[in-house]
Amino acid sequence: MTLLRPAALAVLVLAAPIVALYVLRLRRPERPISSTLLWRGIVEDMRANAPWQRLRPSLLLAVQLLTLAALALALAEPAVSHSQEFAGDAVLILDQSYSMQATDAAPTRFAQAQARARSIASQMAATSAVSVIGMGKQPSLAIAQSTDAGAIGDAIDRLHPGAGSVNVSAALSLAASLARPGQQTQAVVLTDRSSGLKPASLHLPFPVTVIRFGSIRRDLGIVGFSANAGTFAHALVRVENLGARSASSDLNLYGDGRLVDVRPITVAARSTVSLTWDRLPSGIRRLEARLSLHDHMPEDKTAWAVIPEPVQRRVLLVTQSDYYLETALALDPSIALQVVTPAGYSAVSHSPVDVIMFDGVVPPLRPSTSIALIDPPGGSAPGVRIGRELPGGPLTTVSGAPRALTRYAGLAEAHVAETREIRSAAWLRPILRAGGAPAVLVGAHGPDREAVIGFRLDDSDWPLRISFPLFVHALVQYLAPGITLGTTSIASGDALPVFPSPGAGTLLITRPDGTTDTLRAPFPPYTNTTVPGIYAARPQPGGTSAVLVAVNSFPPARSDSPAPSISRPVGGTSASSGRVTVPADVSWIAGLLVLFLLGAEWWVGMRS
Amino acid sequence: MPDLEPDLLRKLERVTLSGRWQVAGSAPGPRRSVHHGSSPEFADFRNYVEGDDLRRVDWNAYARLDQLFLRLHAGEEMGNLSLLLDRSRSMHAGRPLKSHTAARIAAALVYVGLRSHDRVTLAGWSGHIDRVVPPQAGIRSLRLLWDCIEQILSRPGGPTDFAALGAFRAPGPGTVIVVSDFLSETDMRRGLQALAARGDRVAAIQVLAPDELDPDFSGDWQLIDVENDNTLDVTVASRSIRRYRANLTAHTEELQSICRRAGISFLRFSSDAALDLELLPALLTAGVVQ
């Protein structure tokens with residue numbers, strides 16, 4: 001017999017206070033009597049000045065101790081191993097949820113589940129096909145209907161626990177799809193879950209055996225970590241106690257590898273505390289939060305965050321002279337503005353910039369970066385054909401235009417005297433109209449973006465409005481997103497969107513373990529993010545400064561709830577083609593014993 | 001005022017205090033005395049006490065000696081009944097209260113005494129005799145004496161001291177009855193023997209509560225002695241109950257032995273006794289009444 005939850009035997013410590021109740025002299029109720037004369041000889045051997053008395057044999061005490069022992073046994077979930085017949089094929093489903101990383105079942109719950117899966121697979125009959133499914137956020141088929149013991153073992157070994165919760169229904173649906181017609185199939189779910197595994201609610205065509213791992217876990221973990229830049233960099237850490245008891249720890253905050261702060265925290269069971277830092281030392285980019293506590297979940301004791309760097313966009317303005325545009329661009333501190341005349345453009349056209357704005361001119365060749373054409377002369381231009389001049393009118397926003405560009409435009413009092421007739425390619429969409437004609441268009445062509453402003457700024461009162469520099473700022477942001485990676489923080493295993501800098505040919509991504517991955521155009525999302533830590537991306541060719549992103553394996557909220565028992569196989573019949581050993585829960589016997597002993601205690605108490 | 005059942009009163013009307021002892025009284029009565037009486041035959045003088053018949057004062061002696069003396073004659077004399085009521089704290093314990101039952105017993109004896117044309121004296125005592133009602137005679141004194149019984153026993157006194165009984169002086173020869181629970185560590189032998197040594201007929205009536213005769217509680221208790229506030233921690237179980245009963249039996253036997261040697265009649269009543277059924281047979285058996 002084995003105990004599935006041996007930690008529950010800890011309740012046996014309650015035997016000490018029970019015995020103490022019999023040893024300690026308790027405060028007695030008072031009873032006035034006429035005289036103690038007749039009682040004196042009787043109590044001589046009962047009185048004592050000590051606060052305890054001799055432990056006398058007591059049937060009630062014996063029954064109470066037996067009840068406690070039976071209760072501890074019931075809570076420890078005794079199970080007896082029994083050989084169970086498996087008929088036909090087997091589908092092994094391994095829970096890949098975050099909680100399977102808990103070390104309360106050494107070395108981890110998941111490692112034990114893998115070992116049990118290999119054991120079951122090795123005991124199957126040679127003709128039985130075994131499928132292995134990883135039960136994660138989405139089920140993954142590790143191997144399908146294989147009779148090769150080595151391949152099955154390799155498939156089991158390739159599985160690893162994830163950072164999120166699991167989709168039980170999807171995993172069992174996948175298992176159901178693997179059942180061969182006419183062939184008996186059984187499924188074995190190796191998990192630490194207690195809910196969502198009732199076979200009756202799943203309507204499966206085959207029996208399901210659930211083998212549970214782990215017990216009550218202690219887990220104080222970091223469930224959230226974010227940082228931001230402002231006048232002062234600030235950070236927020238959320239720590240949650242997923243265990244059943246209060247837990248205390250020190251939270252150490254490191255900045256660029258140096259200890260910044262240490263804060264002691266105490267978190268009640270099933271509660272969360274948040275810690276904030278409002279004035280972090282300047283210059284820090286990498287933050288790391290560590291809990292000093294060691295418990296059953298070492299994975300969530302460390303988390304990372306990145307303080308984003310202000311983005312500097314390089315804008316080249318090609319113009320003879322445009323006071324309004326130069327002023328609007330110079331107002332934006334995130335823009336590094338360079339102004340050249342059309343004659344001087346060719347000299348700098350090869351230096352890397354994020355945006356080139358052509359005012360009144362059109363480049364002979366479209367540069368390989370984002371561009372903006374302001375009042376292009378008639379004729380052909382990249383993506384557009386400029387026609388005759390049209391009468392203008394009030395500027396209006398086109399329905400469906402990107403809100404990021406128009407939300408601060410405030411065009412109610414902006415007008416245009418004349419605008420150009422613009423015939424654009426399909427990828428250019430108008431966002432502003434003047435007198436019914438498209439006046440401003442934007443779009444993306446390949447990795448580069450383009451904007452067209454079809455009128456002279458001198459022919460409009462818009463540059464005199466406060467909305468104009470705001471629009472120019474939004475337009476530069478649109479033309480040069482400026483962030484190599486789509487975010488500064490993702491969950492472990494999630495895909496990282498990549499937006500390379502203009503002109504970047506490759507992107508080198510350095511992982512926390514020091515290895516490097518190379519992404520090439522057209523830069524698909526980066527998916528090799530299973531290892532938590534800080535990833536650094538460097539565009540090649542381009543700047544040497546790296547863009548950082550933090551990858552964390554925060555635990556899903558309340559993902560772990562210990563199962564009370566092991567379900568029995570349901571449905572189906574078995575033929576003698578293979579046998580595996582699975583534990584059968586017999587805690588119900590201990591439960592009945594507890595009930596019987598409680599009745600005996602009541603009877604003994606009444607009798608005495 | 002003690003409450004006696006009419007049926008008990010009718011039964012008590014048929015008895016008188018026992019006359020086995022010759023009495024010397026200062027008033028005529030139905031009982032034959034070997035000492036003094038109102039017959040023409042002079043017997044003796046004695047000092048006048050309050051309540052004596054002034055017609056029997058020897059005025060000649062008063063003229064000569066300036067002191068009141070009573071002339072005593074051999075013949076029919078009025079007897080004396082003295083009731084010594086224990087008013088200690090312990091009498092106010094038990095359910096029903098022992099003092100309540102003691103009051104009813106005393107009321108019944110007062111009724112018998114007055115019906116027997118005896119003079120009845122009441123005295124309350126605990127540490128010492130501190131409540132004395134002078135001798136009263138005649139059935140018209142019944143209400144007064146019953147009220148006095150109520151007053152004596154309504155307020156608990158101090159701890160019991162049986163030596164105080166030796167200080168009691170009866171107004172004349174007769175019957176002295178002590179009503180108590182006799183649960184005391186003081187010298188009962190000395191007090192009772194002092195009473196009996198004066199030639200009076202003495203009876204001891206013990207009143208105990210039912211839970212003193214047969215304790216009906218169990219478990220862990222802290223017992224508090226109501227007389228001296230001493231405490232005892234005790235675990236009451238069947239074994240300790242048996243030992244308590246043995247102690248009670250030994251205590252009772254010792255009390256009975258003292259009474260027997262001093263010629264004192266001994267009676268015991270439970271405070272929940274049906275006095276209308278049990279009192280008169282017990283008094284008759286003990287020879288207190290006839």
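Analyst: Before we start, two strands pair if DSSP finds at least two bridges between them. Helices (H or I, at least four residues) and strands (E, at least two) are DSSP runs, numbered from the N terminus. This is a predicted model, where local features need pLDDT of at least 70 and side-chain atom pairs count only at pLDDT 80 or more, while totals for chains, interfaces and linings use all residues. Residues are numbered from 1 along each chain as its sequence is written, and chains are lettered from A and ligands numbered from 1 in the order in which they are written.

User: How many helices and strands does chain A have, and what share of its residues is buried?
Analyst: Chain A's secondary structure comes to twelve helices and 31 strands. A residue is buried if 20 or more other C-beta atoms, placed from the backbone, lie within 10 Å of its own, exposed if 12 or fewer, and partly exposed in between. Of the 608 residues in chain A, the buried share is 39%.

User: What is the strand order in the open sheet of five strands in chain A?
Analyst: The pairing in this sheet is mixed. Its edge strands, E6 (140-146) and E8 (208-212) of chain A, each pair on one side only. Put together, the order is E6-E5-E4-E7-E8.

User: Which residue stands opposite A:Val132?
Analyst: Strand E5 of chain A covers residues 130-135 and pairs with E6(A) over four bridges, in the antiparallel sense. Within E6(A), the residue opposite A:Val132 is A:Ile143.

User: What angle does helix H4 of chain A make with E4(A)?
Analyst: H4 (residues 109-123) packs on the sheet and touches strands E4 (89-95), E5, E7 (185-191) and E8 of chain A. Being in contact takes C-beta atoms, placed from the backbone, within 7 Å. Axes are lines fitted to C-alpha atoms, for helices over the stretch in contact, and angles run from 0 to 180 degrees between N-to-C directions. Between H4 and E4(A), the angle is about 175°.

User: Is E7(A) enclosed or open?
Analyst: A:Thr185, A:Ala187, A:Val189 and A:Thr191 point one way from E7(A), A:Gln186, A:Val188 and A:Leu190 point the other way, and all are buried. That is seven of the seven residues, so E7(A) is, by the rest of the structure, largely enclosed.

User: How do H3(A) and H12(A) run against each other, roughly parallel or roughly antiparallel?
Analyst: The axes of H3 (residues 59-75) and H12 (residues 587-607) of chain A come within 8 Å and cross at roughly 160°. Angles under 35 degrees count as roughly parallel, over 145 as roughly antiparallel, 65 to 115 as roughly perpendicular and the rest as oblique. So H3(A) and H12(A) are roughly antiparallel.

User: Which element of chain A gives the largest share of the side that touches chain B?
Analyst: In this interface, 18 residues of chain A are in contact with 27 residues of chain B. Strand E2 (30-33) and helix H2 (40-43) of chain A each supply at least two residues of chain A's side. The largest share, four residues, comes from E2(A).

User: Which residue of chain B stands opposite A:Pro32?
Analyst: E2(A) and strand E8 (residues 219-225) of chain B run parallel and are joined by four bridges. In E8(B), the residue opposite A:Pro32 is B:Ile224.

Key:
Two residues are in contact if their C-beta atoms, placed from the backbone, lie within 7 Å.
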